[in-house]
There are 2 protein chains.
Amino acid sequence: MPADMQATAANDLISPDRREEVLAAAAECFMRRGYEATSMDDVADALGATKGRVYHHFRSKPELFFEVFRRAIFILIREAGVHETGPGHAADRLRRMARAHILCMMETQAFQRNLTLGVDLYRFGETSEEHKATLEDLMNLRRGYEDAFRRTFAAGAADGSMKALDPSLAMRTLLGAINWVAVWYSPRAGETRAHREKLAEEIVAQVLGGYLA
Amino acid sequence: MPADMQATAANDLISPDRREEVLAAAAECFMRRGYEATSMDDVADALGATKGRVYHHFRSKPELFFEVFRRAIFILIREAGVHETGPGHAADRLRRMARAHILCMMETQAFQRNLTLGVDLYRFGETSEEHKATLEDLMNLRRGYEDAFRRTFAAGAADGSMKALDPSLAMRTLLGAINWVAVWYSPRAGETRAHREKLAEEIVAQVLGGYLA
DNA sequence: GTCTATATTATGATAGAC
DNA sequence: GTCTATCATAATATAGAC
């Protein structure tokens, strides 16, 4: 194998991380200023670079956003969705799903905030025909994630660990309460993972158990 | 009194409604496309008019947005906040507040969605010094509205109608669940007020009572 | 892989006719 | 009170040097 081919192979391995840097900077900018208000120069500034670098990794601003969006869902599925299949009653599984979801809202806030943004783009979106297909795929991923909650609510009614509620509505009110964490949460100075886990469990207890005496 | 002065007085009385039209169109556009993505031409198009009309009623785009924001809070305070003082236990009052809040999310969705938008502008916003003061006022109005929920949670712990929870956290999880209604709700064709009231009550029951058996 | 131009287009805001 | 220009600016995206 020639030396330059080896270098190319090495670059292929490194390249994802460079991409990752751009992606993280973009997520942060999109969260702070919103999608439209964020210019490619803003993203470049956040990297301490110029537009050239951003455009080298992502063809366009929409594609950059779509990647942020995709990453946000993948994180949720990997961290929270997996708990759908697990030990215990449906209520126990839902508790673990909600707890993990909340931790994602706190620890990957920048990515998660953009998930809501993308949903609006889809609902009202005046997007090009080309991007519409991509967006459709992403929305299906998200719907799949939501379905895990819907199914768990139905399972809870079946195994008696939860009330018999409309699963779709329950999914929406529960996800609303815990998605909102990404809206108000701000990390405190010197905050530890244990701190966040305690907060997450307090939220889960309030939301699943209700507020009434 | 000369005839033209009378005409001016009449115009003063009519003028608020014309302003209102612009405001409603702006709220709709801001909701659909977001604040930055919405151009003044978009707002004008939604009115079937040109920019001239928009700029006649509002000095600038930020001022237009601030008015949408202010309207959103006023509606919430008038419709839901008033139920803080009312008959019954704290749990009953909270139920009425939540129910009214949800109906606002459904019936003035365009305005309410922009409330969240404005909060972000405040948190991360790079706004001019002049607009910062206006935004500060609006945030205080919103904080005051949230305080009504905080106080009611505390009252519920005191009068025994509700669990003894951290009132600030409870306010956030509850408002999260019911604010989210504005995100997913879409009016059905031929939907009546009674329909929405039934949905609102189902949501209140789920959220206040929790999901566990 | 990153930079420095640069082309092209769209937007916020204003001036002045009607 | 609304319209038709028009200006100034800023942003997306590209081309080409290094």
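A salt bridge, as the term is used in these legends, is a side-chain nitrogen of Lys or Arg within 4 Å of a carboxyl oxygen of Asp or Glu. The model shown is predicted.

**View 1. A salt bridge joins Arg113(B) and Asp120(A).** The two side chains meet with a distance of 2.6 Å from N to O, which is within the 4 Å cut-off. Between chain A and chain B the count is two salt bridges. Polar contacts across this interface come to 25 residue pairs, with both residues of a pair at pLDDT 80 or more.

**View 2. Chain A is built from helices.** Chain A has ten helices and zero strands. Read from the N terminus, its elements run α-α-α-α-α-α-α-α-α-α. The C-alpha trace of chain A spans about 65 × 45 × 40 Å along its principal axes.

**View 3. Chain A and chain B meet at an interface.** On the side of chain A, 45 residues are in contact with 45 residues of chain B. The two chains bury about 4,400 Å² between them, and 60% of this area is on carbon and sulfur atoms. Within chain A, the residues that lose the most area to chain B are Trp180(A), Tyr211(A) and Leu212(A). Together these three account for 18% of what that side buries.

**View 4. Several helices of chain A touch chain B.** Polar contacts link 25 residue pairs across the interface. The elements that give two or more residues to the side of chain A that touches chain B are helix H1 (3-33), helix H5 (90-107), helix H6 (109-124), helix H8 (167-179), helix H9 (181-184) and helix H10 (193-209) of chain A. H8(A) gives the most, with eight residues. By class, this side of chain A has 22 nonpolar, eleven polar and twelve charged residues.

**View 5. The second largest pocket is lined by residues that include some from chain A and from chain B.** About 320 Å³ of space lies in this pocket. The lining has 13 residues, and those closest to the centre of the pocket are Trp184(A), Tyr185(A), Arg188(A), Leu199(A) and Arg172(B). Two elements give two or more residues to the lining: H10 of chain A and helix H8 (167-179) of chain B. H10(A) gives the most, with four residues. Sorted by class, the lining has four nonpolar, three polar and six charged residues.

Terms used: Residues numbered from 1 in each chain as written. Chains lettered and ligands numbered in written order. Predicted model: local features only at pLDDT ≥ 70, side-chain atom pairs only at ≥ 80, totals over all residues. Heavy atoms only, no water. Contact = heavy atoms within 4.5 Å. Buried area = accessible area lost by both parts, 1.4 Å probe. Polar contact = N/O pair within 3.5 Å; in protein donor to acceptor, adjacent residues only side chain to side chain. Nonpolar A, V, L, I, M, F, W, Y, C, P; charged D, E, K, R; others polar. 1 Å grid on protein atoms, 1.4 Å probe; cavity = no way out; pocket = protein on both sides within 12 Å on 5 of 7 lines; lining within 4 Å. Points joined across faces, edges and corners; volume = space filled by probe spheres on them.
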